[in-house]
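Have the sequence and the 3D view open while you read.

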Amino acid sequence: MARWQSGRLSLGDIELDATTAQPWQPSPSVSWKAPTLKRGLVRLAAIPARGLGLAIATLVAGAPLPAGDRFQNAAFVSLLTLASWLRAPDAEPPATIATLIGLGSGLTPAGDDALGGALIALRVSGRPEIADHLAGWLLP
């Protein structure tokens, strides 16, 4: 049984003391510029991937979608729809994007990770109003 009390986490015979832990903060010197980000994404697209990572080359370079299973196919269509909407986010996000919510297995499904990553990327790239709009649409 797990128990949290006064900054200590007890897991059976194991106790983790977090009373002096400090929250992690990213370096404020990180600068997100479109050319730098694009170069990083192009390099990322060249790395062999699996799961939703297979869609990176399609999103970055317009490569054809790889053949995948039903999970990947549903996710890829939703990711491409999200990317398209982000280029012109004037209207409400297309309903297809909601397919990513809860898609995949694990504690945080891959679809949720993709949506969370999009929200983080929007914030760090100076587009918080679009992140707020998308989050407000996703949260209900």
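## Before you start

This is a predicted model, so local features need pLDDT of at least 70 and side-chain atom pairs count only at pLDDT 80 or more, while totals for chains, interfaces and linings use all residues. Residues are numbered from 1 along each chain as its sequence is written, and side-chain values use heavy atoms, with hydrogens and water left out.

## The overall layout

The protein has five helices and three strands. Here helices (H or I, at least four residues) and strands (E, at least two) are DSSP runs, numbered from the N terminus. Going along the sequence, you get the pattern β-β-β-α-α-α-α-α. The radius of gyration is 19 Å, well over the 14 Å that the globule rule gives for 140 residues, so the protein is more spread out than a compact globule. For the record, that radius is taken over C-alpha atoms, and the globule rule is 2.2 Å times the number of residues to the power 0.38.

Along the principal axes, the C-alpha atoms fill a box of roughly 50 × 40 × 35 Å. Of the 140 residues, 21% count as buried; buried means under 20% relative accessible area, exposed over 50%, and partly exposed in between, with a 1.4 Å probe and protein chains only. Contact means heavy atoms within 4.5 Å. Among contacts between residues at least 6 apart in sequence, 33% join residues at least 24 apart.

## The sheet

Strands of a sheet pair through backbone hydrogen bonds, either parallel or antiparallel. In this model, three strands make an open sheet in the order β1-β2-β3, and the pairing is antiparallel. β1 (2-5) and β3 (14-17) are the edge strands, each pairing on one side only. On average, neighbouring strands of this sheet are turned by 15 degrees against each other, direction ignored. That angle is between axes, which are lines fitted to C-alpha atoms (for helices over the stretch in contact), and angles run from 0 to 180 degrees between N-to-C directions.

Zoom in on β1 and β2 (residues 8-11): they pair in the antiparallel sense over four bridges. For two strands to pair, DSSP has to find at least two bridges between them. Trp4 stands opposite Leu9 in β2, and Arg3 has Ser10 in β2 as its bridge partner. The two strands form a hairpin with two residues between them, and Ser6 in the turn has a positive phi of about 50 degrees.

## Helix α3 and Ser78

Buried residues in α3 include Phe76, Ser78, Leu82 and Trp85. Their cover includes α2 (56-61), α4 and α5.

Ser78 lies in this helix, which covers residues 70-87. Is Ser78 buried or exposed? At 1% relative accessibility, Ser78 counts as buried. Leaving out residues up to four places away in sequence, Ser78 touches Thr96, Ile97, Thr99 and Leu100. Ser78 and Thr99 are 21 residues apart along the chain, yet their C-alpha atoms are separated by 6.5 Å.

## Pro109 and helix α4

Pro109 sits in the loop between α3 and α4 and counts as buried at 11% relative accessibility. Leaving out residues up to four places away in sequence, Pro109 touches Gly102, Leu103 and Gly104.

In α4, the buried residues are Gly111, Leu115, Ala118 and Leu122. Seen down the axis of α4, they fall within an arc of 55 degrees, so they line one face of the helix. The arc is that of the directions from the helix axis to the C-beta atoms. What covers these buried residues includes α3 and α5 (128-138). Just after α4, Gly126 takes a positive phi of about 80 degrees.
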